[in-house]
Amino acid sequence: MSIKATSDLWWKNGVFYCLDIETFLDWDGDGSGDLVGLTERVDYLAGLGISCLWLMPFYPSPNRDDGYDISDFFTVEPRLGTLGDFTELIRTCRDRGIRVIADFVMNHTSDQHPWFQAARSSPDSPYRDFYVWRDERPPEKPGDVVFPDQENSNWAYDRKAQQYYLHKFYSHQPDLNLSNPEVRDELAQVMAFWLQQGLSGFRVDAVPFLIEGSLDDPHQVLRDLRAFVNRRNGEAILLGEVNLAAPEVRKFLGDEGGDELHMVLDFLGNQALYLSLARGSAEPLAKALTGFPAIPASASLGRFARNHDELTLDKLSESERAEVFARFGPDEDLQLYGRGLRRRLPSMLDGDERAIRMVYSLVFSLPGTPVLFYGEEIGMAENLAIDGRYAVRAPMQWSPDGGFTVSDAPCRPLTEGEYGPSRINVATQRRDPHSLLNWFERLIRRRRECPELGFGELEVLDTGAGSVLAHRCDWEGETIVAVHELSGRPVTARLEIEDGAALVDLFGHAEHPLPATLELEPYAALWFRVRRDGRRLPP
């Protein structure tokens, strides 16, 4: 196998871990997580096998949207620490072999940002054209509003400016005008600053929104950003949030050489996964996987089970969405905006650890790059006492008493009950060789040893069993085969693979001559390497 390729295109064989500094670990006792606390846990992440840390926004902010409403792009929110603390985090991560990327919010700013305050002050302000203004509110179509429970329009009237301004998200987040080259230059300067501080790239927020109407060729914005970032740091990546139909998503990865985003998060596969789980059928997921267009050799898809937002199901049909709601969130309090669920995976699967492990095994076995959200490795659930989509962003559970803070006033309430820290925590699981946490360490280690999954070509296999998703990934003459049972029932699966001698179990001791018939237990999750005569197998 080509070790050169796996290190050069590091994101294709990496394991990403997303966290919010504010809810990870409070070190100074003020109730809010901080950079020093995160730095103290870098060795925990290294031991887990994480290769890239993704930081949610840590910039100064009024914090009306969990930091995505930024008032200063060039420093750290004082509650979270200082630039010196940030530098120490980067240095420590680098020492442990972990790269760091951060959320880059270029679609909008806070209405408290100096740019907006200057823009609204006068029509002649040099910052007026940094935002999108209209004398009259333009007409809008039903469904245009992203947060219908909070906003009734994408345009808000500013009394001082005496005009309407565009905001695709909340009214306190005015949209930047990306058609203005000065805006693009300022944003490039922001990227340059953080690359100089040691970041290895950015997760670009709300990508489809930021290119709308920006240029005659809107994708030129991304091509320019990609070229700029690659000039400044050849290993840096752009990971995009793009939730569109498959052909549209594919466009954001650029031409065959890859000249736009390096990675996109796979929302379509994620939504199909939950439909498959709700039905106990592999068909929806298999259809999504095989229907996605081929991507550039240097690009990757970010595969995930859950993320920091609601579980969006907007690309499913209304009837399909109803199936997922009925199975995983029938109560209205669990649903959000009529299109998503504010739950984490363990509670959706009623705490069934067989099913939980199967889902993560499946996600990690798909061609692409696994992306974890903090707490998934121990089985954390949502905290419905926290409003809206923030329910999945509860404080990290380090020990039976919580371990997040010594303060009596944490930034968010700790989860209670069966998924609270008294039962679900890092300290207890580290000492249990059979825990979910220790299983995750083995899964991640094995995933890093299987570059076929990061670089290989996918083929979905027919097993004769509708509840089984079996697929193979081939790369440089080596093959990984993964088999997952989605219904929770025992079933027989047939693998008609003819280009090898046997399947070698990567998590056990079994070896199955090919072609193979497998008797699968409920929620079985199996990875195999195809043994070919005369070829040396890794241990």
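Mentor: Helices (H or I, at least four residues) and strands (E, at least two) are DSSP runs, numbered from the N terminus. This is a predicted model, in which local features need pLDDT of at least 70 and side-chain atom pairs count only at pLDDT 80 or more, while totals for chains, interfaces and linings use all residues. Residues are numbered from 1 along each chain as its sequence is written, and side-chain values use heavy atoms, with hydrogens and water left out.

Trainee: Is Q429 buried or exposed?

Mentor: Buried means under 20% relative accessible area, exposed over 50%, and partly exposed in between, with a 1.4 Å probe and protein chains only. Q429 has 9% relative accessibility, so it counts as buried.

Trainee: Which residues does Q429 touch?

Mentor: Contact means heavy atoms within 4.5 Å. Leaving aside residues up to four places away in sequence, Q429 touches E377, I378, I424, S435, L436, L437 and N438.

Trainee: How is an aromatic pair read?

Mentor: Rings of Phe, Tyr and Trp (its six-membered ring) pair if their centres lie within 6.5 Å; planes under 30 degrees apart count as stacked, over 60 as edge-to-face and the rest as tilted. The structure holds 34 aromatic pairs. One of them joins F193 and W194 edge-to-face, at 5.0 Å centre to centre and 90 degrees between the planes. F193 is partly exposed at 24% relative accessibility, whereas W194 is buried at 0%.

Trainee: Why is the pair of F507 and W527 edge-to-face?

Mentor: The planes of F507 and W527 stand at 75 degrees, with the ring centres 5.4 Å apart, so the pair is edge-to-face. This pair links distant parts of the chain, 20 residues apart: F507 is in the loop between β19 (502-505) and β20 (511-513), and W527 is in strand β22 (residues 525-531). F507 is partly exposed, with 40% relative accessibility; W527 is buried, with a relative accessible area of 0%.

Trainee: Which residue lies over the face of W398?

Mentor: A charge sits over a ring if NZ of Lys or CZ of Arg is within 6 Å of the ring centre and within 35 degrees of the ring normal. R41 lies over the face of W398, 4.8 Å from the ring centre. W398 also belongs to one aromatic cluster with Y17, F24, Y44, F373 and Y374. Elsewhere, R128 lies over the face of W133, at 4.7 Å from the ring centre.

Trainee: In what sense do strands β15 and β16 pair?

Mentor: Two strands pair if DSSP finds at least two bridges between them. β15 (residues 457-461) and β16 (residues 468-475) pair in the antiparallel sense over five bridges. Within this pairing, L458 has C473 in β16 as its bridge partner. The two strands form a hairpin with six residues between them, and G464 in the turn has a positive phi of about 80 degrees.

Trainee: Which residues of α16 are buried?

Mentor: They are L436, L437, N438, W439, F440, L443, I444, R446 and R447. What covers them includes α3 (42-48), α14 (353-365), β14 (369-373), α15, α17 (451-455) and β22.
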